[in-house]
Amino acid sequence: MSSRAPAAGTSVRNGLTLKLIPSALVSLSGFVLYVLEQKVPGYGLLALALVLAGFIDRALLRDLALIAVGLIAISLVPITTDISTGHMAVMGTAMIIAVGVPYAMSRWAFKEHAVRFPVLTGHPWTRTEKWYLAAVVLMGYALLPAYMVNTGVYSNWPAVSDPEGIFRLFLGTNALGIWDELFFICTVFALLRRHLPLSQANVLQAVLFTSFLWELGFHAWAPVFIFPFAMLQAVIFTRTKSLSYIVAVHLLFDFVLFLVLLHAHNRAWIDIFVY
């Protein structure tokens with residue numbers, strides 16, 4: 001059993017290793033916890049993953065344990081679109097723990113700083129990256145109204161029409177979008193990438209990303225576009241190494257989502273969509 005941790009920023013290029021087995025079990029646990037909503041089997045899969053990782057590689061055990069902390073923290077609170085103060089406080093606390101504990105443990109306990117949130121990278125966005133931001137808005141406009149309205153999934157979000165409710169909905173969608181990138185990309189994907197090739201780490205984080213959003217309320221055929229979106233976000237992060245950019249992409253998409261939700265619940269409002 002190896003005890004030497006990969007250096008921060010280190011990634012595996014290709015090939016199949018035993019490390020894939022416990023990593024895949026962690027990803028599967030997210031599906032069981034969030035999609036099937038089965039706590040005991042989900043925690044059992046996490047425990048099995050950590051035991052197997054302990055036999056294979058101590059560094060893998062530490063990194064999977066950090067991911068497990070986040071998954072468990074989120075599983076202990078209701079994952080809903082409730083925008084009441086009480087629920088936002090409870091879910092927000094769990095989200096902070098899910099990101100903060102792995103970051104703190106990696107940086108100060110393990111002395112590896114494997115979890116990073118690169119905001120000021122010093123590299124300006126390229127022309128292609130800027131054009132992609134515009135494309136994200138167009139894709140959201142083309143996709144989200146048809147998905148949210150035609151499937152009735154919009155009803156999983158609260159109907160708001162007063163200024164305070166609208167602000168809470170806007171705050172909630174934006175906060176969640178930022179957290180998705182902090183946890184699933186900067187934490188889960190980054191930690192898995194230290195032990196697995198890009199394609200394997202990406203699929204596993206995308207399963208967790210999609211499973212979480214399914215429980216949040218993105219039902220029907222949402223996984224058809226959420227799964228590739230999650231994978232693309234990881235690829236973009238790998239190339240740009242910029243949290244700022246992937247958050248910008250996500251928030252632009254979520255801004256269209258916010259407008260669609262307002263329209264879906266108040267059909268005379270923002271009547272600019274085709275579905």
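Trainee: In what kind of contact do the side chains of glutamate 112 and arginine 194 meet, and how far apart are N and O?

Mentor: The side chains of glutamate 112 and arginine 194 meet in a salt bridge, with 3.0 Å from N to O. The two residues belong to distant parts of the chain, 82 residues apart: glutamate 112 lies in the loop between α4 and α5, and arginine 194 in the loop between α6 (163-193) and α7 (198-216). The model is predicted, and for that reason local features need pLDDT of at least 70 and side-chain atom pairs count only at pLDDT 80 or more, while totals for chains, interfaces and linings use all residues. Residues are numbered from 1 along each chain as its sequence is written, and side-chain values use heavy atoms, with hydrogens and water left out.

A salt bridge here is a side-chain nitrogen of Lys or Arg within 4 Å of a carboxyl oxygen of Asp or Glu; by this rule the count comes to four. Side chains of opposite charge can pair when their charged atoms come close.

Glutamate 112 has another arginine partner to consider. Its side chain also meets that of arginine 62 in a salt bridge, at 3.1 Å from N to O. This pair, too, links distant parts of the chain, since arginine 62 sits in helix α3 while glutamate 112 is in the loop between α4 and α5, 50 residues apart. (Helices are DSSP runs of H or I with at least four residues, numbered from the N terminus.)

Glutamate 112 counts as buried because its relative accessibility is 13%, the limits being under 20% for buried, over 50% for exposed and in between for partly exposed, with a 1.4 Å probe and protein chains only. Arginine 194 is buried, with a relative accessible area of 4%. Arginine 62, at 22%, is partly exposed.

A further salt bridge joins glutamate 164 to arginine 168, their closest N and O atoms being 3.1 Å apart. Both lie in helix α6, and because they are four residues apart there, about one helical turn separates them. Glutamate 164 is partly exposed, at 48% relative accessible area, whereas arginine 168 is buried, at 19%.

The axes of α1 (residues 20-35) and α2 (residues 39-56) come within 8 Å and cross at roughly 170 degrees; each axis is a line fitted to C-alpha atoms over the stretch in contact, and angles run from 0 to 180 degrees between N-to-C directions. The angle therefore makes α1 roughly antiparallel to α2, the class for angles over 145 degrees. Among the residues making the contact are Leu25, Val26, Leu28, Val32 and Leu33 of α1, together with Tyr43, Leu45, Leu46, Leu48, Leu52 and Ile56 of α2; contact means heavy atoms within 4.5 Å.

For α5 (residues 127-151) and α8 (residues 223-240), the axes come within 14 Å and again cross at roughly 170 degrees, so that α5 is roughly antiparallel to α8. Here Glu129, Tyr132, Leu143, Leu144 and Tyr147 in α5 meet Phe225, Leu232, Ile236 and Thr240 in α8.

The loop between α7 and α8 holds alanine 222, which is buried because its relative accessibility is 0%. The C-alpha atom of alanine 222 is 16 Å from that of threonine 173, and the two residues are 49 residues apart along the chain. Alanine 220 is found in the loop between α7 and α8 as well, and is partly exposed with a relative accessible area of 42%.

The backbone at alanine 220 also deserves attention. Most residues other than glycine have a negative phi. Alanine 220, however, has a positive phi near 55 degrees. Lysine 241, likewise not a glycine, has a positive phi of about 50 degrees. Lysine 241 lies in the loop between α8 and α9 (243-265) and counts as exposed because its relative accessibility is 54%.

Note on methods
Angles under 35 degrees count as roughly parallel, over 145 as roughly antiparallel, 65 to 115 as roughly perpendicular and the rest as oblique.
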